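Hello,

Here is the structure I promised to pass on to you.

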Amino acid sequence: MANRRQKKKKNAAAARQAAAQYKGKNAPVKVAAPVKKAEPKPDPVPEVKPEPKPEIKPEVKQEIKREVKQENKPAVPVKPKKEKAKPAPKKKPVRFKKPKKNYGKIIAKKISDFGINKVAAIILAVSVVIAAVCVIAWVSSSRFSVPDEAVIEYRGRTIPDTSTYIVTDDLVTQYGFADNMKRKGDVDDFRYYAATELVFPEKYSSANLNLVNVFDNNCVFIASIVNSSDTVIYRSLGLEPGKALSDIFISDLKYGRHDMKLVIAAYDPESYELIGVQYSDLTVQVGLEEETKDAEKQS
């Protein structure tokens, strides 16, 4: 539009000048005003568009690219896999049934080959061994074991003189009685002798034990009577050397005959230490046999 206007102005000025020249007028011709150049319009500021975010390409595409690259490479010949030979199935071993042996015939043949006399000797030896084992087992089972209650701690208490008496036999006689006594245990440590049978006419009556502590013993005795259940049913105080214990009392005994043990524990008279333990068999009779038989008949 601006160019058109400028052109019109130029054409109008030129027409005027030409007319003035034609008419012969010497009037100065007005110089046409300089045409202002159109100022160039400022370039429009480009709009800042947000930069597009880089698209995250999935791994699949990369894999595809890799596959494409691999496809471009020359193909490598693939070696065929060799199949492993399967082991042949193991055959089950065939079991043959062994014929049953006739042991009776085998033993008879061996005996005949070995000789009858030798077999008899072997049987006799085996029988002797079995008998010896049985005897040892019987002895070990019947062996008496001194209970702990029969070996107490001695504290110096002795039997009163009213219940003991002084032994008047000489030492040789005392040795003879002690050696004839069937004592077991620590027989080399001291000597004693006593009655092997106690007779109680009634349950609560007394019986004469006659326990003697040999004169040259340097120890004090504590006597205990143990029943078949290894229970102590009687225990004395200390019996000094050269003295004897005569009458004793035992309660709660049943009528009849009982097998028991007399246990003697010896202690040092000064230090009260235990020196040794011995024991012997003792038969206890409660009630007279004739009265017991009569009572049984009446009942």
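Below is what was found in it, topic by topic.

This is a predicted model, in which local features need pLDDT of at least 70 and side-chain atom pairs count only at pLDDT 80 or more, while totals for chains, interfaces and linings use all residues. Residues are numbered from 1 along each chain as its sequence is written, and side-chain values use heavy atoms, with hydrogens and water left out.

Let's start with the inside. A nonpolar core is a set of buried Ala, Val, Leu, Ile, Met, Phe, Trp, Tyr and Cys residues joined through side-chain atoms within 4.5 Å; buried means under 20% relative accessible area, exposed over 50%, and partly exposed in between (1.4 Å probe, protein chains only). The largest such core has 33 residues, and Leu-198, Leu-211, Ile-225 and Leu-262 have the most contacts inside it. Several strands supply at least two residues each, among them strand 5 (206-213) and strand 9 (256-267). Helices (H or I, at least four residues) and strands (E, at least two) are DSSP runs, numbered from the N terminus. A second, separate core has 12 residues, including Phe-144 and Tyr-267.

Next, the strands, where two count as paired if DSSP finds at least two bridges between them. Which order do the strands take in the open sheet of 4? The order is 1-8-5-3, with antiparallel pairing. Strand 1 (164-166) and strand 3 are at the edges with a single partner strand each, so one side of each has no neighbour in the sheet. Strands 1 and 8 are joined by 3 bridges, and Thr-164 sits opposite Leu-245 of strand 8. Elsewhere, strands 6 and 7 make a hairpin with 5 residues between them, and Asp-230 in the turn has a positive phi of about 60°.

Finally, the charged pairs. A salt bridge is a side-chain nitrogen of Lys or Arg within 4 Å of a carboxyl oxygen of Asp or Glu, and the count comes to 5. In one of them, Lys-243 meets Asp-161 with the closest N and O atoms 3.0 Å apart; these partners are 82 residues apart in the chain. Is Lys-243 buried or exposed? Lys-243 is buried, at 17% relative accessible area, whereas Asp-161 is exposed, at 55%. Another salt bridge joins Asp-281 and Lys-261 (2.3 Å, N to O).

Enjoy exploring!
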